[in-house]
Amino acid sequence: MGPSSVVVLVTSLLHLLLLCHPSQAEENEESRLVCYFTNWSPDRDGEYAFNVNDIPVDLCTHVTYTFAGVDEHTFELRPTNRKYDILREGYERFAALKRANPSLKLSLAVGGWSHGAEPFAKMAATLTGRETFIASVIEFLRRYELDGVEIVWLWPGSPDRGGTASDKDNLYLLIAELKSGFRAAGYDDWEVVVQVPIDPYRLELGYHQSQLCRVADYVYLTGYDLRGSWNGFTDVHSAMNNRPFDTGALKDLNVKGGVQNWIRRGCPAGKIVLGVPLFGRTYTLENSAENGLAAPATGPGNAGPYTAEPGYRAYFEICTEMKQSSWTVDWDERGLCPYAFLDNQWVGYENKMSLAEKANYAKYQRLGGMYAFSLDLDDYRGKCGAPYPLLTALRQAYKPKRPCGPDDESQFALFREPCDLQK
């Protein structure tokens, strides 16, 4: 065979490979699985105190430390649990995870529900306030060698959270200036993430959706807490689809509706990270004989023994109680979530099947990733079986991919396999 024949043969083979693998570039796109460490979980009593060394780094591509806060007087970053964050070296221990696991990405979340919206509103209202906050974030990320920040302002512009109309513009300015501030400091690869809601009411009041997606690296979509005892009737809180009783403001207030809203408003699917809960929302039934979906409820369910909050239970509390008592388990066929009831107590939650449904949807939509909130709510001590059953099921169903690093490079990208992270 002459040289010209060899060239023709190689060219033909390369062409054939390209035809056989038209989506190779798509397959190599990054997708993430973000896990959350909460700085209040180490304060739980007994064996359910959750510490940094309990984080299952092999199951997560990214881990986020929640929460830091905004000092409403100085506008600088501040710890929210000084005893753990500083005195017990929570920040230091968290940062050390990266030294032992170099490919792991670590970030800091600022805000949260208990933090409130007012400190954000005051800080973001002026250029000086934003610059002060951004400088303190840069100093923090440098000190602990983290990879980015997540802004969890709940919720800008919402009157019930003390919001004003100017919050909407100021959130955009804060995210844009954080990103430009990181670049100016020489950290182009640091990420700026903003947690965002599904509820159209919240979105209209506080979020320039397409503009935020242009300046943020990712938007983390809260696909949970969509229902609760505040509605006055039982329901799963992370439904995938509309059900017959979803009318008025509740129509499309579900995972698919939320994702499609953000995409329709101009947000690239690859910038959307879908959040799933590792906890349930509970109710007290008005009549224990009426125990299906949309049954009348008098209020939140009983508090769990460790989370100690009415209307809310960790998955480890749910599965442990189900082992000890005869709960009836059922399935929301449209919402694609489980629920259970015993006497006058009712809970809507996630299991392996419902998480697989969400993972498959995220893959089909080619979203940027998924996140699970939070690690300390899964059955991490393995009381109901193997440890971390929900997170493990989510990872196995979603199969996140990291970006191929230098060691993964080959001379021809065509022959490079996707950098799958499979356990």
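1. In this predicted model, helix H4 provides the largest share of the lining of the largest cavity, namely three residues. Helix H4 spans 90-100, and together with strand E4 (105-111) and helix H6 (127-144) is among the elements that each supply at least two lining residues.

2. The lining of the largest cavity consists of Tyr65, Tyr91, Phe94, Ala95, Ser107, Leu108, Phe140, Tyr144 and Leu146. By class, eight of these residues are nonpolar, one is polar and none is charged.

3. The volume of the largest cavity is about 30 Å³. A search of the whole structure returns one cavity of 30 Å³ or more.

4. The largest pocket, in turn, has a volume of about 1,300 Å³. It is lined by 37 residues, of which Trp113, Leu154, Tyr224, Asp225 and Arg281 are the closest to the pocket centre. The lining of the largest pocket comprises 18 nonpolar, 12 polar and seven charged residues.

5. Turning to helix packing, helix H12 (residues 352-364) and helix H13 (residues 389-398) pack with their axes 9 Å apart and at an angle of about 30°. The crossing of H12 past H13 is right-handed.

6. On the H12 side, the contact involves Lys352, Leu355, Ala356, Ala359, Asn360, Ala362 and Lys363; H13 contributes Pro389, Leu390, Ala393, Leu394, Ala397 and Tyr398. The residues of this contact divide into 10 nonpolar, one polar and two charged.

Conventions
Residues numbered from 1 in each chain as written. Predicted model: local features only at pLDDT ≥ 70, side-chain atom pairs only at ≥ 80, totals over all residues. Heavy atoms only, no water. 1 Å grid on protein atoms, 1.4 Å probe; cavity = no way out; pocket = protein on both sides within 12 Å on 5 of 7 lines; lining within 4 Å. Points joined across faces, edges and corners; volume = space filled by probe spheres on them. Nonpolar A, V, L, I, M, F, W, Y, C, P; charged D, E, K, R; others polar. Axes fitted to C-alpha atoms, helices over the stretch in contact; angles between N-to-C directions. Helix = DSSP H or I, 4+ residues; strand = E, 2+ residues; numbered from the N terminus. Left-handed = near helix turned anticlockwise from the far one by under 90°. Contact = heavy atoms within 4.5 Å.
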